[in-house]
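I opened the notebook to record a few look-ups in one structure.

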Amino acid sequence: MNIQDPKIVDEIFLSKKSAWLYYVARLNQNEIAKKIGLSKMRVHRLIAFAEKNGFVKTFVEGGFDQTFKYENALKDKYQLKICEVVPIEDQNSDPLEMLGAAGARFIMNQINENNISEFGIGTGSTISAIAKWLPKINQKIDFITLNGSLTSHNSIQTETGINQISYKTNGECYNVGMPLMLVSVEQKKVVENISFIKEIMEKAANTKVKILGVGGLFDSSQIVRSKIFSAKSIEKLKKAGALGDVAGNFFDKNGELITIKETQKIFSVNIDSFKKSTTVLVAGGIEKTAQIRSVLKSGLFKGLITDEETSKQL
């Protein structure tokens, strides 16, 4: 068994978590299936896998009692309704793959348990990781962009996370193909009034479930690397106190929304729609702790999927 294979790592993680919920938390298999977004049959197989591979002794390996404590603490601190903390055995490893797997499970759970057939989707590397892990879904599930992309080159729009996710379903991909920041406020107004774009953004605002990553203005962030924002725009945002970013909405260290002329050029769904839906952040990595914290302080988001090391800092 190649335990470096991300799919095997995720299978081991799920087997340990299922066994912990069954033997320690005393949930039945139906309750476990609903909690982590899997079928009852798969939960049964995962528990058997844990038993066969020696994860179940007089205790269950995995430290899920600790991650449950972090989940409850984060829920209380930031008034979250949904929180999953993914344990990462190697503290120095990139949590992106495991966060992608957890995000994909969340989508499957929403489809299977809540009959959700439309999702609002953000941009970023986490969304691409979710797309990688999402299985083929033989249902009409639509995905609608919540903001402009981090590239102005239409020739590579098919490589964005929302397109990658949509390939896994029989539904539609609603992607406007606009850059995240437009040239001017006037240009943004013109674009927003184009009928098909207006329809897509209204559809995005009305989605019941929205899934978003968290970014910022640090040197390795996608916004900075994409060069979709000019150096001058980035400097103005930093000067205004911008720290964390969600779908082009920037927040300062206290969770206050940044509203300056530069933000008026950003193409994104109306932020008020976040409050009206189940809006979940999938974000992690201790280097992003300050950005994630600033976003959570806004009180706009109902859910968080993150890794254990980041949860300790939050």
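These entries follow the order in which I looked things up.

**Entry 1: the parallel sheet**

I noted at the outset that this is a predicted model. I then asked in what order the strands of the open parallel sheet run. I read the order as S1-S10-S9-S5-S2-S3-S4, with 7 strands and parallel pairing. I checked the edges next. Strand S1 (82-86) and strand S4 (173-174) are the edge strands, and each pairs on one side only.

Strand S3, residues 142-145, pairs with S4 in the parallel sense over 2 bridges. Ile144 stands opposite Tyr174 in S4.

Which helices pack on this sheet? I found helix H6 (residues 125-133) touching strand S2 (118-121), strand S5 (209-212) and strand S9 (278-282). The direction of H6 makes about 115° with that of S5. I also found helix H9 (residues 195-205), which touches S2, S3, S4 and S5. The direction of H9 makes about 110° with that of S3.

Thr126 is found in helix H6. Is Thr126 buried or exposed? Thr126 has 6% relative accessibility, so I logged it as buried. Leaving out residues up to four places away in sequence, I found Thr126 touching Leu96 and Val282.

**Entry 2: the antiparallel sheet**

I turned to the other open sheet. It has 3 strands in the order S6-S7-S8, and the pairing is antiparallel. Its edge strands are strand S6 (215-216) and S8, each pairing on one side only. I followed strand S7 (residues 244-246) to S8 and read 3 bridges in the antiparallel sense. Asp245 stands opposite Phe250 in S8.

What lies across these strands? Helix H13 (residues 289-296) lies across S6, S7 and S8, running at about 60° to S7.

**Entry 3: aromatic rings**

I asked how many aromatic pairs there are. The count comes to 6. I took Phe119 and Phe143 as one case. Their ring centres are 5.6 Å apart and their planes lie at 20°, so I logged the pair as stacked. Phe119 lies in strand S2 and Phe143 in strand S3, so the pair ties together parts 24 residues apart in sequence. Both Phe119 and Phe143 are buried.

I took Phe229 and Phe250 as another case. This aromatic pair is tilted, at 6.1 Å centre to centre with 55° between the planes. Phe229 sits in the loop between helix H10 (222-226) and helix H11 (231-239), while Phe250 sits in strand S8 (residues 249-251), 21 residues apart. I checked burial for each. Phe229 is buried at 3% relative accessibility. Phe250 is buried at 0% relative accessibility.

I also noted a cluster. Ring pairs link Phe251, Phe274 and Phe301.

**Entry 4: charges over rings**

Which ring does the charged end of Lys35 sit over? I found the ring of Phe68, with the charged end 5.5 Å from its centre. I then found Lys203 over the face of Tyr174, at 5.2 Å from the ring centre.

**Entry 5: salt bridges**

I searched the whole structure and found 11 salt bridges. I started with Lys17 and Glu84, whose side chains meet at 3.2 Å, N to O. Lys17 lies in helix H1 (residues 6-23) and Glu84 in strand S1, so this pair ties together parts 67 residues apart in sequence. Both Lys17 and Glu84 are buried. I traced the links onward and got a network of salt bridges: Asp10, Lys17, Glu84 and Arg105.

I went back to Lys203. Its side chain meets that of Glu118 in a salt bridge of 2.8 Å, N to O. Lys203 is in helix H9 and Glu118 in strand S2, 85 residues apart. How accessible are the two partners? Lys203 is partly exposed at 25% relative accessible area. Glu118 is partly exposed at 26%.

Asp142 forms a salt bridge with Lys140, and their closest N and O atoms are 2.8 Å apart. Asp142 is buried, with a relative accessible area of 5%.

Notes: Residues are numbered from 1 along each chain as its sequence is written. This is a predicted model: local features need pLDDT of at least 70, side-chain atom pairs count only at pLDDT 80 or more; totals for chains, interfaces and linings use all residues. Side-chain values use heavy atoms; hydrogens and water are left out. Two strands pair if DSSP finds at least two bridges between them. Helices (H or I, at least four residues) and strands (E, at least two) are DSSP runs, numbered from the N terminus. Contact means heavy atoms within 4.5 Å. Axes are lines fitted to C-alpha atoms, for helices over the stretch in contact, and angles run from 0 to 180 degrees between N-to-C directions. Rings of Phe, Tyr and Trp (its six-membered ring) pair if their centres lie within 6.5 Å; planes under 30 degrees apart count as stacked, over 60 as edge-to-face and the rest as tilted. Buried means under 20% relative accessible area, exposed over 50%, partly exposed in between (1.4 Å probe, protein chains only). A charge sits over a ring if NZ of Lys or CZ of Arg is within 6 Å of the ring centre and within 35 degrees of the ring normal. A salt bridge is a side-chain nitrogen of Lys or Arg within 4 Å of a carboxyl oxygen of Asp or Glu.
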